Amino acid sequence: MEVSIILLTYNQETSIKKALDSILMQKFNGPYEIIIGDDCSTDSTGEICKEYAARYPDIIKYYRRDENLGLVKNYYDCLDKATGKYIADCAGDDFWVNEHRLQILYDFMESHPDTNLVAGEWLCLNPDQDIIKAGNAAPPGEYSGRKDLLNILLNKTVINLSSSLYKSAVVKQMIQRFPKLFIGDNLRFEDLQIILTCISQGHISVIPTTVYMYCTGHDSVSNPKTFLKKYLYTSNAIIQHRNLVKFFLPNPSPSESEQLKRYYKNKANYILSMAFKAGPDVMITYPLDRNIKKEASAKGVFYYCLMQNKILWESALKVIEVLKPDKLQIK
(Lines give C-alpha, C1' and ligand atoms only; values in the text may rest on other atoms or scores of the structure.)
Protein backbone atom coordinates (compact mmCIF):
# COMPACT_ATOMS: atom_id res chain seq x y z
CA MET A 1 0.00 0.00 0.00
CA GLU A 2 1.47 3.32 -1.06
CA VAL A 3 -0.94 5.75 0.61
CA SER A 4 -3.46 5.48 3.45
CA ILE A 5 -6.07 8.22 3.70
CA ILE A 6 -7.62 8.83 7.11
CA LEU A 7 -11.14 10.25 7.02
CA LEU A 8 -12.68 11.12 10.38
CA THR A 9 -16.38 11.81 10.63
CA TYR A 10 -19.11 12.46 13.16
CA ASN A 11 -22.69 13.45 12.25
CA GLN A 12 -21.73 14.81 8.83
CA GLU A 13 -24.50 13.36 6.68
CA THR A 14 -24.67 16.51 4.53
CA SER A 15 -20.95 16.60 3.66
CA ILE A 16 -19.50 13.08 3.93
CA LYS A 17 -20.40 12.13 0.33
CA LYS A 18 -18.55 15.13 -1.05
CA ALA A 19 -15.50 14.30 1.06
CA LEU A 20 -15.46 10.67 -0.10
CA ASP A 21 -16.09 11.55 -3.75
CA SER A 22 -13.22 14.03 -3.71
CA ILE A 23 -10.87 11.25 -2.61
CA LEU A 24 -12.24 8.59 -4.94
CA MET A 25 -11.84 10.89 -7.95
CA GLN A 26 -8.05 10.81 -7.52
CA LYS A 27 -5.98 9.88 -10.55
CA PHE A 28 -3.23 8.03 -8.76
CA ASN A 29 -0.91 5.40 -10.21
CA GLY A 30 -0.44 3.38 -7.04
CA PRO A 31 -2.67 1.50 -4.59
CA TYR A 32 -4.34 3.48 -1.82
CA GLU A 33 -6.82 2.86 0.96
CA ILE A 34 -9.38 5.02 2.72
CA ILE A 35 -9.76 4.40 6.44
CA ILE A 36 -13.00 5.89 7.79
CA GLY A 37 -13.24 6.48 11.53
CA ASP A 38 -16.91 7.12 12.32
CA ASP A 39 -17.00 8.40 15.90
CA CYS A 40 -20.42 6.93 16.76
CA SER A 41 -22.52 9.17 14.51
CA THR A 42 -26.19 9.42 15.41
CA ASP A 43 -27.44 10.62 12.00
CA SER A 44 -27.26 8.87 8.61
CA THR A 45 -23.48 9.30 8.28
CA GLY A 46 -22.92 5.64 9.15
CA GLU A 47 -25.33 4.38 6.51
CA ILE A 48 -23.68 6.53 3.86
CA CYS A 49 -20.23 5.24 4.83
CA LYS A 50 -21.45 1.62 4.75
CA GLU A 51 -22.87 2.19 1.27
CA TYR A 52 -19.53 3.52 0.00
CA ALA A 53 -17.59 0.71 1.70
CA ALA A 54 -19.82 -1.85 -0.04
CA ARG A 55 -19.25 -0.15 -3.42
CA TYR A 56 -15.46 0.08 -2.96
CA PRO A 57 -14.53 -2.94 -0.79
CA ASP A 58 -10.92 -3.00 -2.02
CA ILE A 59 -10.34 0.65 -1.11
CA ILE A 60 -12.54 1.63 1.84
CA LYS A 61 -12.20 0.27 5.37
CA TYR A 62 -15.04 1.51 7.55
CA TYR A 63 -14.75 1.53 11.34
CA ARG A 64 -17.71 2.62 13.40
CA ARG A 65 -16.95 3.34 17.06
CA ASP A 66 -19.22 1.77 19.66
CA GLU A 67 -18.76 4.89 21.77
CA ASN A 68 -17.47 8.36 21.11
CA LEU A 69 -13.65 8.33 21.20
CA GLY A 70 -13.05 11.99 20.44
CA LEU A 71 -10.92 13.45 17.68
CA VAL A 72 -7.48 12.47 18.92
CA LYS A 73 -8.12 8.82 19.80
CA ASN A 74 -10.18 8.33 16.67
CA TYR A 75 -7.36 9.70 14.49
CA TYR A 76 -4.57 7.65 16.03
CA ASP A 77 -6.57 4.45 16.02
CA CYS A 78 -7.06 4.96 12.27
CA LEU A 79 -3.35 5.72 11.89
CA ASP A 80 -2.52 2.49 13.72
CA LYS A 81 -4.66 0.59 11.21
CA ALA A 82 -3.08 2.34 8.22
CA THR A 83 -0.71 0.22 6.13
CA GLY A 84 0.45 2.85 3.63
CA LYS A 85 3.97 4.16 3.20
CA TYR A 86 2.50 7.67 3.32
CA ILE A 87 -0.48 9.12 5.17
CA ALA A 88 -2.99 11.71 3.98
CA ASP A 89 -6.22 12.79 5.63
CA CYS A 90 -9.48 14.60 5.06
CA ALA A 91 -12.11 15.80 7.50
CA GLY A 92 -15.65 14.62 6.87
CA ASP A 93 -16.87 18.20 6.47
CA ASP A 94 -14.11 19.29 4.07
CA PHE A 95 -13.01 18.00 0.66
CA TRP A 96 -10.08 17.72 -1.74
CA VAL A 97 -10.08 20.04 -4.76
CA ASN A 98 -7.45 18.57 -7.08
CA GLU A 99 -7.87 15.18 -8.74
CA HIS A 100 -4.05 14.90 -8.98
CA ARG A 101 -3.53 15.76 -5.31
CA LEU A 102 -2.20 12.36 -4.28
CA GLN A 103 0.01 11.92 -7.32
CA ILE A 104 1.61 15.37 -7.05
CA LEU A 105 2.42 15.05 -3.34
CA TYR A 106 3.46 11.41 -3.72
CA ASP A 107 5.87 12.21 -6.57
CA PHE A 108 7.38 15.02 -4.51
CA MET A 109 7.98 12.73 -1.53
CA GLU A 110 9.51 10.03 -3.69
CA SER A 111 11.96 12.51 -5.24
CA HIS A 112 12.85 14.21 -1.93
CA PRO A 113 13.93 11.45 0.48
CA ASP A 114 14.92 13.90 3.23
CA THR A 115 11.39 15.34 3.32
CA ASN A 116 9.09 13.86 5.95
CA LEU A 117 6.00 15.89 5.03
CA VAL A 118 4.90 17.86 2.00
CA ALA A 119 1.90 20.16 2.08
CA GLY A 120 -0.10 21.76 -0.69
CA GLU A 121 -1.95 25.04 -0.38
CA TRP A 122 -5.57 25.20 0.73
CA LEU A 123 -8.65 27.36 0.37
CA CYS A 124 -11.37 28.33 2.85
CA LEU A 125 -15.09 28.12 2.12
CA ASN A 126 -17.32 30.19 4.41
CA PRO A 127 -21.06 29.66 5.05
CA ASP A 128 -21.89 32.25 2.35
CA GLN A 129 -20.04 30.03 -0.14
CA ASP A 130 -17.26 32.59 -0.57
CA ILE A 131 -13.92 30.98 -1.36
CA ILE A 132 -10.78 32.66 -0.08
CA LYS A 133 -7.16 31.66 0.13
CA ALA A 134 -5.97 30.79 3.63
CA GLY A 135 -4.45 34.04 4.82
CA ASN A 136 -2.09 32.61 7.43
CA ALA A 137 -0.79 29.63 5.45
CA ALA A 138 2.95 28.99 5.19
CA PRO A 139 4.27 30.12 1.79
CA PRO A 140 5.84 27.53 -0.55
CA GLY A 141 9.33 26.51 0.45
CA GLU A 142 11.36 24.17 2.63
CA TYR A 143 11.23 24.28 6.42
CA SER A 144 13.71 22.72 8.83
CA GLY A 145 15.69 23.44 11.95
CA ARG A 146 14.95 25.01 15.29
CA LYS A 147 13.84 28.43 14.01
CA ASP A 148 11.16 26.97 11.75
CA LEU A 149 10.09 24.57 14.48
CA LEU A 150 9.61 27.51 16.86
CA ASN A 151 7.61 29.42 14.25
CA ILE A 152 5.28 26.44 13.90
CA LEU A 153 4.80 26.37 17.67
CA LEU A 154 4.09 30.12 17.64
CA ASN A 155 1.55 29.68 14.82
CA LYS A 156 3.61 31.97 12.60
CA THR A 157 4.22 29.15 10.14
CA VAL A 158 0.94 27.31 9.59
CA ILE A 159 0.94 23.88 7.97
CA ASN A 160 -2.41 22.23 7.30
CA LEU A 161 -2.05 18.51 7.93
CA SER A 162 -5.14 17.83 5.81
CA SER A 163 -3.42 19.32 2.77
CA SER A 164 -0.33 17.19 3.39
CA LEU A 165 1.26 13.82 2.80
CA TYR A 166 3.65 12.49 5.43
CA LYS A 167 5.84 9.46 6.08
CA SER A 168 3.99 6.88 8.11
CA ALA A 169 7.11 5.24 9.57
CA VAL A 170 8.56 8.48 10.95
CA VAL A 171 5.41 9.30 12.89
CA LYS A 172 4.64 5.75 14.02
CA GLN A 173 8.16 5.32 15.39
CA MET A 174 7.76 8.50 17.44
CA ILE A 175 4.38 7.32 18.73
CA GLN A 176 5.94 4.04 19.87
CA ARG A 177 8.71 5.87 21.74
CA PHE A 178 6.63 8.71 23.22
CA PRO A 179 2.95 7.71 23.14
CA LYS A 180 1.81 10.34 25.67
CA LEU A 181 2.70 13.11 23.20
CA PHE A 182 0.10 11.75 20.80
CA ILE A 183 -2.62 9.88 22.64
CA GLY A 184 -4.34 10.73 25.90
CA ASP A 185 -7.66 11.64 27.48
CA ASN A 186 -6.72 15.30 27.89
CA LEU A 187 -5.28 15.92 24.42
CA ARG A 188 -7.30 18.25 22.21
CA PHE A 189 -5.55 18.26 18.83
CA GLU A 190 -3.91 15.56 16.75
CA ASP A 191 -2.05 17.45 14.04
CA LEU A 192 0.61 19.68 15.62
CA GLN A 193 2.55 16.80 17.20
CA ILE A 194 2.74 15.08 13.79
CA ILE A 195 4.01 18.23 12.07
CA LEU A 196 6.58 18.83 14.82
CA THR A 197 7.74 15.23 14.57
CA CYS A 198 8.24 15.56 10.83
CA ILE A 199 10.26 18.78 11.03
CA SER A 200 12.30 17.62 14.02
CA GLN A 201 13.39 14.51 12.09
CA GLY A 202 14.22 16.22 8.79
CA HIS A 203 12.48 18.58 6.39
CA ILE A 204 8.94 19.58 5.59
CA SER A 205 7.99 21.35 2.38
CA VAL A 206 5.11 23.41 1.03
CA ILE A 207 4.45 23.41 -2.72
CA PRO A 208 2.38 25.95 -4.71
CA THR A 209 -0.44 23.58 -5.63
CA THR A 210 -3.95 23.99 -4.19
CA VAL A 211 -5.26 20.67 -2.93
CA TYR A 212 -7.77 21.19 -0.10
CA MET A 213 -10.96 23.05 0.80
CA TYR A 214 -11.41 23.87 4.46
CA CYS A 215 -15.04 24.64 5.26
CA THR A 216 -15.48 27.25 8.00
CA GLY A 217 -18.32 28.64 10.08
CA HIS A 218 -19.77 25.40 11.44
CA ASP A 219 -19.47 23.83 14.88
CA SER A 220 -16.34 21.68 15.21
CA VAL A 221 -13.91 20.44 17.83
CA SER A 222 -11.36 23.19 17.18
CA ASN A 223 -13.96 25.86 16.32
CA PRO A 224 -16.86 25.38 18.76
CA LYS A 225 -19.99 27.49 18.70
CA THR A 226 -20.29 28.44 22.36
CA PHE A 227 -18.04 30.46 24.63
CA LEU A 228 -17.92 27.59 27.12
CA LYS A 229 -16.71 25.12 24.49
CA LYS A 230 -14.17 27.66 23.23
CA TYR A 231 -12.89 28.15 26.77
CA LEU A 232 -12.66 24.41 27.45
CA TYR A 233 -10.96 23.61 24.15
CA THR A 234 -8.40 26.41 24.32
CA SER A 235 -7.55 26.01 28.00
CA ASN A 236 -6.89 22.28 27.53
CA ALA A 237 -5.12 22.78 24.21
CA ILE A 238 -2.66 25.23 25.77
CA ILE A 239 -1.61 22.60 28.32
CA GLN A 240 -0.94 20.19 25.47
CA HIS A 241 0.98 22.93 23.66
CA ARG A 242 3.23 23.53 26.67
CA ASN A 243 4.12 19.85 26.78
CA LEU A 244 5.04 19.90 23.11
CA VAL A 245 7.27 22.94 23.68
CA LYS A 246 9.07 21.15 26.52
CA PHE A 247 9.66 18.12 24.34
CA PHE A 248 10.50 19.59 20.95
CA LEU A 249 12.15 22.85 22.08
CA PRO A 250 14.10 22.07 25.27
CA ASN A 251 16.28 24.73 26.87
CA PRO A 252 14.91 27.72 24.93
CA SER A 253 17.18 30.71 24.44
CA PRO A 254 16.22 34.08 25.95
CA SER A 255 14.86 35.18 22.58
CA GLU A 256 12.82 31.99 22.19
CA SER A 257 11.52 32.30 25.75
CA GLU A 258 10.42 35.87 25.12
CA GLN A 259 8.54 34.89 21.97
CA LEU A 260 6.83 32.02 23.79
CA LYS A 261 5.93 34.36 26.64
CA ARG A 262 4.14 36.70 24.22
CA TYR A 263 2.35 33.76 22.62
CA TYR A 264 1.08 32.46 25.96
CA LYS A 265 0.05 35.98 27.04
CA ASN A 266 -2.23 36.27 24.02
CA LYS A 267 -3.64 32.80 24.67
CA ALA A 268 -4.22 33.61 28.35
CA ASN A 269 -6.13 36.75 27.43
CA TYR A 270 -8.26 34.78 24.98
CA ILE A 271 -8.99 32.02 27.52
CA LEU A 272 -9.98 34.53 30.20
CA SER A 273 -12.18 36.36 27.69
CA MET A 274 -13.98 33.14 26.76
CA ALA A 275 -14.39 32.17 30.43
CA PHE A 276 -15.82 35.61 31.22
CA LYS A 277 -18.31 35.47 28.34
CA ALA A 278 -19.33 31.90 29.20
CA GLY A 279 -20.89 33.22 32.42
CA PRO A 280 -20.52 33.00 36.20
CA ASP A 281 -21.06 29.26 36.58
CA VAL A 282 -18.09 28.31 34.40
CA MET A 283 -15.42 28.58 37.12
CA ILE A 284 -17.35 26.41 39.54
CA THR A 285 -17.32 23.43 37.22
CA TYR A 286 -14.27 24.20 35.08
CA PRO A 287 -11.56 26.02 37.05
CA LEU A 288 -8.74 27.89 35.33
CA ASP A 289 -5.31 26.41 34.78
CA ARG A 290 -3.05 27.97 37.41
CA ASN A 291 -0.69 29.46 34.80
CA ILE A 292 -3.33 31.50 32.99
CA LYS A 293 -3.60 34.43 35.42
CA LYS A 294 0.19 34.70 35.70
CA GLU A 295 0.63 34.81 31.93
CA ALA A 296 -2.17 37.27 31.13
CA SER A 297 -1.72 40.96 30.38
CA ALA A 298 -3.65 43.74 32.14
CA LYS A 299 -6.60 43.07 29.85
CA GLY A 300 -6.75 39.42 30.89
CA VAL A 301 -6.30 40.25 34.57
CA PHE A 302 -9.22 42.68 34.27
CA TYR A 303 -11.44 39.83 33.07
CA TYR A 304 -10.14 37.69 35.93
CA CYS A 305 -10.94 40.36 38.52
CA LEU A 306 -14.48 40.76 37.20
CA MET A 307 -15.00 37.03 37.57
CA GLN A 308 -14.21 37.03 41.30
CA ASN A 309 -17.65 38.39 42.17
CA LYS A 310 -20.74 36.79 40.63
CA ILE A 311 -22.90 39.91 40.90
CA LEU A 312 -20.19 42.10 39.36
CA TRP A 313 -19.63 39.47 36.65
CA GLU A 314 -23.32 39.35 35.68
CA SER A 315 -23.57 43.15 35.73
CA ALA A 316 -20.55 43.50 33.43
CA LEU A 317 -22.03 41.01 30.98
CA LYS A 318 -25.29 42.99 30.86
CA VAL A 319 -23.43 46.24 30.22
CA ILE A 320 -21.47 44.68 27.34
CA GLU A 321 -24.67 43.21 25.92
CA VAL A 322 -26.22 46.68 25.80
CA LEU A 323 -23.21 48.70 24.65
CA LYS A 324 -21.43 46.15 22.44
CA PRO A 325 -23.74 43.21 21.69
CA ASP A 326 -21.42 41.99 18.93
CA LYS A 327 -18.85 41.20 21.64
CA LEU A 328 -21.21 38.56 22.99
CA GLN A 329 -21.87 36.87 19.67
CA ILE A 330 -19.97 33.94 18.24
CA LYS A 331 -18.55 35.09 14.93
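## Strand 4 and its partners

In this predicted model, strand 4 and strand 9 (164-167) run antiparallel and are joined by 2 bridges.

Val3 stands opposite Tyr86 in strand 4. Leu8 has Ala91 of strand 4 as its bridge partner. Strand 4 is mostly covered, with 5 of its 6 residues buried.

## Strand 1: buried on both faces

How many residues of strand 1 (residues 3-9) are buried? The count is 7 of 7, so strand 1 is largely enclosed by the rest of the structure. In a regular strand, side chains alternate between the two faces of the sheet. Here both faces are covered. Val3, Ile5, Leu7 and Thr9 are buried on one side. Ser4, Ile6 and Leu8 are buried on the other.

Strand 1 pairs with strand 2 (residues 32-38) as well. The sense is parallel, and the pairing spans 7 bridges. Within it, Ile5 has Ile34 of strand 2 as its bridge partner.

## Helix 3: what covers it

Which residues of helix 3 (residues 71-81) are buried? They are Val72, Asn74, Tyr75, Tyr76, Cys78 and Leu79. An α-helix has 3.6 residues a turn, so residues three or four places apart point the same way.

Both strands and helices cover the buried residues of helix 3. The strands include strand 1, strand 2, strand 4 and strand 9. The helices include helix 6 and helix 7.

## Helix 7 against helix 6

The axes of helix 6 (residues 168-177) and helix 7 come within 10 Å and cross at roughly 110°. The range for roughly perpendicular is 65 to 115 degrees, and that makes helix 6 roughly perpendicular to helix 7.

From helix 6, the contact uses Val170, Val171 and Met174. They meet Ile194, Thr197, Cys198 and Ser200 in helix 7. By class, this contact holds 5 nonpolar residues, 2 polar residues and no charged residues.

## Helix 7 against helix 8

Helix 7 (residues 192-200) also meets helix 8 (residues 227-248), where the axes come within 11 Å and cross at roughly 10°. Angles under 35 degrees count as roughly parallel, and helix 7 and helix 8 are therefore roughly parallel to each other.

On the helix 7 side, the contact residues are Leu192, Gln193, Leu196, Thr197 and Ser200. On the helix 8 side, they are Gln240, His241, Leu244 and Phe248. The residues of this contact divide into 4 nonpolar, 5 polar and no charged. Thr197 and Ser200 of helix 7 also take part in the contact with helix 6.

## Ser297 in its loop

Where does Ser297 sit? Its place is in the loop between helix 11 (290-295) and helix 12 (298-306). Leaving aside residues up to four places away in sequence, Ser297 touches Lys265 and Asn269.

Val282 lies 15 residues from Ser297 along the chain. The C-alpha atoms of Ser297 and Val282 are separated by 21 Å.

Note on methods. Residues numbered from 1 in each chain as written. Predicted model: local features only at pLDDT ≥ 70, side-chain atom pairs only at ≥ 80, totals over all residues. Heavy atoms only, no water. Buried < 20%, exposed > 50% of the residue type's maximum accessible area, 1.4 Å probe, protein only. Helix = DSSP H or I, 4+ residues; strand = E, 2+ residues; numbered from the N terminus. Pairing = 2+ DSSP bridges. Axes fitted to C-alpha atoms, helices over the stretch in contact; angles between N-to-C directions. Parallel < 35°, antiparallel > 145°, perpendicular 65-115°, else oblique. Contact = heavy atoms within 4.5 Å. Nonpolar A, V, L, I, M, F, W, Y, C, P; charged D, E, K, R; others polar.
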